[in-house]
Amino acid sequence: MEERLGFPRNAEETWLREGLDQIARSRVPPDRDLWPALHARLFAPAPRPAWRWRRPPGWGWLAAGLALVMALVGMAYARPLWEAFLSTHLLEQGGRMHTLSLSQTRDGITVTIERLYADANRIVIGYRIRGLPTASEVAWLPLLTLEDREGRQIPKLMGEGVAGASEILGLALPAGEIGGADSFDPWGLPGWPTHRPAALDLRLRVILHSMPQQPHPPQALHIISSPDATSMEKSPSPATAPASLSGPSFVFDLRIPVESEAEIYGPHTVRAHGLDLMLERWVRAPSGIRARVCFIPPDPSLSWTAMVEQAFAIGPEVVPNAHVEGPASKRTLTVTLPILTVPLTRGGEWMCQDALFAVPEETERDREGPIAFRVVELIGWGQGSPEPAVRRPGPWEFLIPVAHR
């Protein structure tokens, strides 16, 4: 930040300037210059006040300056709601989500559908709720359900919601407001994902539940739910579960365009360490990569999970939140871990597990490089045991042919 004429003007303001510099450098991107706003706020002419406030030397200036900078820092880091969520970040940045403003109001509470998206792997609904009562002893939780025009319910894959002000997420929602995004699973619809319609006619139901809680000061609340958490929430212990008070419900009829872009591979089976694993389906769509791996459990009495990863060879650069494993075909191998692993489902002897990867577009810009889906390890747990009972190391590697990319 360059020097501004007229500030600082004395030793007291110099001390303030040094403190502001230290905060701004650690909290504000280097391309943002806050000093014009500071100068305008601190030295703007004002009418003579009807009362006088005596400040102690130094500390009054510092407190006022820090409060102003923190407000400006908040503005500098303010970001769209949909870029803050893990499930919608890449879609929003890429301009993939459809924007709308479809609202309904019941009992002073307004639910607005602001984002829609559908592709071969996911259906995404972005919503905002305003006008909720702000009593600190009550927490409001929205429940979204989605069904097609034949009345088939579409399972939820992942839900995210936020209320309050979160410095980590860079969000500040007003009191009585919730923002959220839910992802639903279209793979159970007829013909999906190989044959998809140009658009989906769906019915969305939003039911608000108020849960009594201990009073607490206002705070940010960021909730991420998966099918695992949802299934546990459906059957709480009667002795410990608080009573849920139902609020108003809302019904929206939606028509969502379906993104046509998709690359589908599978089924394919690989045998390693005496065990067959089948990659039943591998699908790359704009919302990311989704893979379904199936196997016959070595011990059916245990609960199993598959540790999986998606590997790319893209050159020397590494995408955020990924780690480098070493050379592959004389290129750097970049490994991306799943943002969501769905609990296993059983089909006869076979058990299948889905994993979703939010893959930035730059990860696949070198389309000639190898792409592999890998099962690193199978882990089995006994009933109620926190430690694994069996570990079956891999890897089982599925190379995706160029024809399918």
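Strand β1 (residues 98-106) and strand β2 (residues 109-118) run antiparallel and are joined by 7 bridges, where strands are DSSP runs of E with at least two residues, helices are runs of H or I with at least four residues, and both are numbered from the N terminus; two strands are taken to pair if DSSP finds at least two bridges between them. The model is predicted, so local features need pLDDT of at least 70 and side-chain atom pairs count only at pLDDT 80 or more, while totals for chains, interfaces and linings use all residues. Residues are numbered from 1 along each chain as its sequence is written, and side-chain values use heavy atoms, with hydrogens and water left out.

Within this pair of strands, L102 has I113 in β2 as its bridge partner. The two strands form a hairpin with 2 residues between them, and D107 in the turn has a positive phi of about 50°.

T112 is also part of strand β2, and with a relative accessible area of 4% this residue is buried, a word that here means under 20% relative accessible area, whereas exposed means over 50% and partly exposed lies in between (1.4 Å probe, protein chains only). If neighbours within four places in sequence are left aside, T112 is in contact with S101, L102, S103, G126, Y127, R128 and R130, contact being defined as heavy atoms within 4.5 Å. The side chains of T112 and S103 make a polar contact of 2.6 Å; such a contact is a pair of N or O atoms within 3.5 Å, and within protein one atom must be able to donate a hydrogen and the other to accept it, with residues adjacent in sequence counted only if both atoms are side-chain atoms. On the R128 side, the C-alpha atoms of T112 and R128 are 5.3 Å apart in space, although the two residues are 16 residues apart in sequence.

Of its 405 residues, 43% are buried. Among contacts between residues at least 6 apart in sequence, 67% join residues at least 24 apart. The accessible surface of the chain comes to about 21600 Å², and carbon and sulfur atoms account for 55% of that surface, as computed by the Shrake-Rupley method with a 1.4 Å probe, where for residues only the protein chains shown count as cover.

Side chains of opposite charge can pair when their charged atoms come close. A search of the whole structure finds 25 salt bridges, each being a side-chain nitrogen of Lys or Arg within 4 Å of a carboxyl oxygen of Asp or Glu. One of them joins R284 and E263, with the closest N and O atoms 3.1 Å apart; because R284 lies in strand β15 (residues 275-285) and E263 in strand β13 (residues 263-265), the pair ties together parts that are 21 residues apart in sequence. R284 counts as buried at 9% relative accessibility, and E263 counts as buried at 12%. The side chain of R284 is also joined to that of E261 by a polar contact of 2.8 Å.

At 19% relative accessibility R292 counts as buried, while E280, at 26%, counts as partly exposed.

The side chains of E309 and R374 meet in another salt bridge, at 2.4 Å from N to O. Since E309 lies in strand β17 (residues 303-313) and R374 in strand β23 (residues 371-381), this pair ties together parts that are 65 residues apart in sequence, and both residues are buried. Elsewhere, D148, R149, E150, R152, D201 and R255 are linked in a network of salt bridges.

E160, in strand β6 (residues 156-163), is buried yet has no salt bridge, and the nearest side chain of opposite charge, R122, is 6.9 Å away; in this count Lys and Arg are positive and Asp and Glu negative, with His and the chain ends not counted. What does the side chain of E160 reach at 3.1 Å? The atom in question is the backbone nitrogen of L86, and the backbone nitrogen of S87 lies 2.7 Å from a polar atom of the E160 side chain.
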